[in-house]
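Let me put the model up, and then we'll walk through it together.

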Amino acid sequence: MKQTLIALLSLLFICSCSDKKPEGNLHLTGNIKGLKTGTIYIQKIVDTSLVTVDTIIINGDSHFESWMTIKSPEMYYLSLDRGVTNSIDNNLSFFAEPGAINIDTELEHYYYKAKITGSKNQKLFEDYKKVTSRFTEQNLNITAARLRAQRVKNVQKLDSLDKAEKTVLQRKYLFATNFAINNKDHEIAPYIALSEIYDINLKYLDTIRKSMTPKVAKSYYGEKLTDYYNKRKESEK
């Protein structure tokens, strides 16, 4: 009878443990197709340094899962240690926010094949990058043309390319500013201001700062933007 009671209590304990919900407001899942063994590091930037917040060992099953608690939407990084190569295609950024986020990708093209779902800020950031990639391509074309002009010492062409480069930069900054203002109710707005156009004229940063909704203004990047703006304003007096 005693042994039966102990066995029953043990079974109840096991069941209670298995029914216990994982702690955290962010449920991250994913799959790295083709990965047999390796280590995944979930990281974020703290005081300019990458800090690991979770480590996942892959051994046979390429699927992964993690529960985390985040105070505010923030850019995180999914870093892969393949263990056998020195590939530079090992870091994948994603905009983390409370909820369920899934990341599917492939080992061979870890960064470029990534499909991230479940994060509204991530979707907005991808939309932003689709447009800014055109500016990047234009700058690459200008750089190539400048090298050709330098070889033949075409001064007039070089002056023209300098003006073209400034025009592309102005267009990029204008687009980034408008994108941030149009998405003032998402944390992507102050993130773009801080990471993409931090050196823009202060009045544009002020416009973005003032356009943020109260919720976004109190977010991690919202407070960072306000702090950065105040410091720049003070230094430029």
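Let's start at one spot: L26 sits opposite M68, which is in β4. Before I go further, this is a predicted model, where local features need pLDDT of at least 70, side-chain atom pairs count only at pLDDT 80 or more, and totals for chains, interfaces and linings use all residues. Residues are numbered from 1 along each chain as its sequence is written, and side-chain values use heavy atoms, with hydrogens and water left out.

I call two strands paired if DSSP finds at least two bridges between them.

So, back to that pair. β1 and β4 are antiparallel, with six bridges between them. What about β1 and β7, parallel or antiparallel? They run parallel, and eight bridges join them. One place to look is L28, whose bridge partner in β7 is I101. β7 itself covers residues 99-106, and it pairs with β8 in the antiparallel sense over three bridges. There you'll find D104 standing opposite K115 of β8.

Put together, that's an open sheet of four strands with mixed pairing, in the order β4-β1-β7-β8. At the edges are β4 (63-68) and β8 (115-117), each pairing on one side only. From one strand to the next, the twist averages 15 degrees; for that, axes are lines fitted to C-alpha atoms (for helices over the stretch in contact), and angles run from 0 to 180 degrees between N-to-C directions.

Now, burial. Buried means under 20% relative accessible area, exposed over 50%, and partly exposed in between, using a 1.4 Å probe and protein chains only. β1, residues 26-33, is mostly covered, with six of its eight residues buried. Across the protein, buried residues make up 36% of the 237 residues.

Next, a couple of loop residues. T69 is in the loop between β4 and β5 (74-81). Is T69 buried or exposed? It counts as exposed, because its relative accessible area is 62%. Contact, for me, means heavy atoms within 4.5 Å. Leaving aside neighbours within four places in sequence, T69 is in contact with G24 and N25. N25 is 44 residues away along the chain, yet the two C-alpha atoms are separated by 5.1 Å.

Then there's N90, in the loop between β5 and β6 (91-96). N90 is buried, because its relative accessible area is 12%. Which residues does N90 touch, not counting those up to four places away in sequence? They are L78, S79, L80, R82 and Y110.

On contacts overall, take those with a separation of 6 or more: residues 24 or more positions apart account for 58% of them.

Last stop, the surface. The accessible surface comes to about 15,000 Å², and 54% of that belongs to carbon and sulfur atoms; areas come from the Shrake-Rupley method with a 1.4 Å probe, and for residues only the protein chains shown count as cover. V46, V51 and V53 make a nonpolar surface patch of about 180 Å². V53 is in β3 (residues 49-59), and counts as partly exposed because its relative accessibility is 37%. Patches use residues with over 30% relative accessible area and no salt bridge, joining like charges within 9 Å and nonpolar side chains (Val, Leu, Ile, Met, Phe, Trp, Tyr) within 5 Å. A salt bridge is a Lys or Arg side-chain nitrogen within 4 Å of an Asp or Glu carboxyl oxygen.

How values were computed:
Helix = DSSP H or I, 4+ residues; strand = E, 2+ residues; numbered from the N terminus.
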